Amino acid sequence: AADGHSLPESIAMVLWGSDNLKNEGAPIAQALALMGALPRFDSYGRIAGATLIPLTELGRPRVDVVITLSGIFRDLMPLQIKLLAEAAFLAASAEDEPLEQNWIRKHALAYQQEHGCTLEIAALRVYGNAEGAYGSNVNNLVESSQWTEEGELAETYTRRKGFAYGRTGRAVQQTALLQTMLADVKLTYQNLDSVELGVTTVDNYFDTLGGITQAVKVAKGGDTPPVYIGDQTQGDGAVRSLREQVALEAR
């Protein structure tokens with residue numbers, strides 16, 4: 001909103017396991033903050049789920065966050081997956097909140113009405129690979145030139161990353177739901193947490209952030225969403241457009 005743009009109703013955010021380990025879960029906290037949620041702990045101090053920040057305290061609408069996980073995140077952080085999934089479900093279930101202040105519930109109810117599914121399914125916002133699988137394969141397709149049109153990259157991404165993780169932590173393939181969620185996305189985002197590696201030096205960013213951006217473009221009928229990088233490597237951090245980040249790394 002600081003650059004003159006209105007708050008986006010829905011964003012797509014990439015979470016890596018390595019980055020969350022290095023910075024003690026800061027990207028997870030970003031996703032929760034956008035949804036207007038906090039972790040809930042049991043009497044032993046362990047993560048037990050999520051709790052919503054009241055709208056009066058939040059002071060803005062709940063942003064709908066479509067989260068895609070790396071395979072490493074899935075393997076190492078099962079409790080955090082349940083935390084994120086419960087935050088989305090609680091927001092979607094907040095019956096006393098006006099839809100103009102709760103975009104997660106707004107979109108979940110619209111999907112539920114159109115497809116006749118449960119609210120539990122319509123509220124699924126955490127996606128990743130099937131158990132035992134890693135990556136979206138977009139980087140391999142590009143490197144080997146084994147694709148002829150952009151739609152193939154998007155199809156590969158959503159098929160590989162179309163497994164939804166709900167409050168139980170179990171993966172269920174929901175590719176069509178992911179594609180519908182991506183059609184509402186206004187921007188894509190990933191944090192940069194390594195001083196040694198930039199978005200132009202390893203193909204992992206192309207595989208994750210590039211893959212979901214391509215999938216959003218196809219889901220939106222050809223409109224490429226803005227892509228942002230949250231650079232956490234210096235000081236308080238800075239959010240840049242992908243173009244700005246690439247230009248910075250090219251110096």
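Guide: What follows is a short talk about some terms used for this predicted model.

Visitor: How do you know where the predictor is confident in the protein and where confidence is lowest?
Guide: The pLDDT runs from 0 to 100, and the protein averages 81, with 75% of the residues scoring at least 70. Helix α3 (residues 55-58) has the highest confidence, at a mean of 97, while helix α8 (residues 138-144) has the lowest, at 45. Over residues 137-145 the pLDDT is below 50, although this stretch has 19 contacts in the model beyond near neighbours in sequence.

Visitor: Why are α2 and α5 called roughly parallel to each other?
Guide: Their axes cross at roughly 10 degrees and come within 10 Å. Angles under 35 degrees count as roughly parallel, so α2 and α5 get that name.

Visitor: What makes the contact between these helices?
Guide: Helix α2 brings Ile28, Ala31, Leu32 and Met35, and α5 brings Gln80, Leu83, Leu84, Ala87 and Ala88. By class, eight of the residues are nonpolar, one is polar and none is charged.

Visitor: Is Gln174 buried or exposed, and how do you know?
Guide: Gln174 has a relative accessible area of 18%. Buried means under 20%, so Gln174 is buried.

Definitions and conventions. Residues numbered from 1 in each chain as written. Predicted model: local features only at pLDDT ≥ 70, side-chain atom pairs only at ≥ 80, totals over all residues. Heavy atoms only, no water. Helix = DSSP H or I, 4+ residues; strand = E, 2+ residues; numbered from the N terminus. Contact = heavy atoms within 4.5 Å. Axes fitted to C-alpha atoms, helices over the stretch in contact; angles between N-to-C directions. Parallel < 35°, antiparallel > 145°, perpendicular 65-115°, else oblique. Nonpolar A, V, L, I, M, F, W, Y, C, P; charged D, E, K, R; others polar. Buried < 20%, exposed > 50% of the residue type's maximum accessible area, 1.4 Å probe, protein only.
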